[in-house]
Amino acid sequence: MSLFDKPRVMEKLKSFYAYVAKNNGQMGTKVRGIDVNFNNRCNFKCKHCFAMSPLGERVTEELSIDKVSDISEQADELGIFEYDLQGGELLLVPDKLFEVIKAIKPERFYLYLTTNGYLLDEAMAKRLRDAGVSRVSVSIDSFDEKVHDDFRGRPGAHKRAMQALMHVKRAGMSPYLNITVGHYNVNSEDLEKLCRYSKDQGYTTLLNVAVPSGCWQKITEVIVNEDDIEHLIQLRKKYKNILRDIWNPFDKSCELLLGCNCVNRTYVTPTGDVLACPYLHIKIGNVYEQPLKEIIDYGFSIKYFRNHSKLCLAGEDKEFVSKYLQRDGMSVFNPVCAKEIFKEEDFV
């Protein structure tokens, strides 16, 4: 469903754009989106999974439909316009997924699904479109089929992911090709091929920097450095269709930064815990215990999340990673409470 067919979304998007324009191109404390991990069950064994789905983390738990509806009502009232449904792999339970979509009332949001694409055939793409989904993001790690399948732990994963993107496009939704980039691949010809392919196919490329969290918590060498970040910016300028959440999408010069999206995009787990972002396993509240606004206000009371950061705290700020994100056992389902990890002087 096109955004132009969603007047409520356009109203909120215009408000966000006006705020950013007046705030020197920065996002500040204007909320943007919400990421909801409804259920963590998955059919892949991805090496880098931040939600630790390959290890079977909390695969039987899920948010209640009533709570999804409640969260969505609150998110709409707060002006949140982007709504990302994540897993796990939500297409494993399609009937429940469509219950969730209905409860969200997608006419109020730029609603999208993040998927590995394995179960997304032509019929499913049309069903998602008819349910009010505006975009489908399909994760692809390499232009090389063998590399992708090995990374994802599933033979045939690459072929189906590529087909899924075509189904999304033909169904009339926005196809996003998601790529995880780290120091290990940022300057590779493989990444360049993926970017070129996405451009040629008329897709949008979404870059997610590799983060040392979840299955990769102790692998800090994946973090991009300054030269890597500059290279990504040059790819942004070259292809024009490449996005990162930290970049300002309204900037035609392809140079301005919205800033780190912590709290501007909160992440809700199947148990109701709210994290500052999917990759920062720091708990700022729980939707079963507190209103969403109270949780977000608390998150913005932490200076690291309130102040503008040109670096992604989870994937670029090595000092922040070392100081706050390297605790043993820290995960999506075992987050550290903010009050336990930050000192009094860290709050504003």
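Helices and strands here are DSSP runs, numbered from the N terminus. The model is predicted.

**View 1. Asn24, a residue with positive phi in the loop between α1 and β1**.
Phi of Asn24 is near 60°, and Asn24 is not a glycine. Most residues other than glycine have a negative phi. Asn24 has 65% relative accessibility, so this residue counts as exposed; the cut-off is over 50%.

**View 2. Val263, a residue with positive phi in the loop between β7 and β8**.
This loop runs between β7 (242-243) and β8 (265-268). Phi of Val263 is about 75°, again in a residue that is not a glycine. Is Val263 buried or exposed? Its relative accessibility is 0%, so Val263 counts as buried; the cut-off is under 20%.

**View 3. The cis peptide bond between Gly87 and Gly88**.
Omega is about 15° at this bond. Most peptide bonds are trans. Gly88 sits in the loop between β2 (82-86) and α3 (94-104).

**View 4. Helix α4 packed with helix α6**.
Two packed helices are described by the angle between their axes and the distance between the axes. Here α4 (residues 122-131) and α6 (residues 157-171) pack at about 45°, and their axes are 9 Å apart. That angle makes α4 oblique to α6. The crossing of α4 past α6 is right-handed. From α4, Glu122, Ala125, Lys126 and Arg129 take part in the contact; they meet His167, Val168 and Ala171 of α6. By class, the contact has 3 nonpolar, 3 charged and 1 polar residues.

Methods. Residues numbered from 1 in each chain as written. Predicted model: local features only at pLDDT ≥ 70, side-chain atom pairs only at ≥ 80, totals over all residues. Heavy atoms only, no water. Axes fitted to C-alpha atoms, helices over the stretch in contact; angles between N-to-C directions. Helix = DSSP H or I, 4+ residues; strand = E, 2+ residues; numbered from the N terminus. Parallel < 35°, antiparallel > 145°, perpendicular 65-115°, else oblique. Left-handed = near helix turned anticlockwise from the far one by under 90°. Contact = heavy atoms within 4.5 Å. Nonpolar A, V, L, I, M, F, W, Y, C, P; charged D, E, K, R; others polar. Buried < 20%, exposed > 50% of the residue type's maximum accessible area, 1.4 Å probe, protein only.
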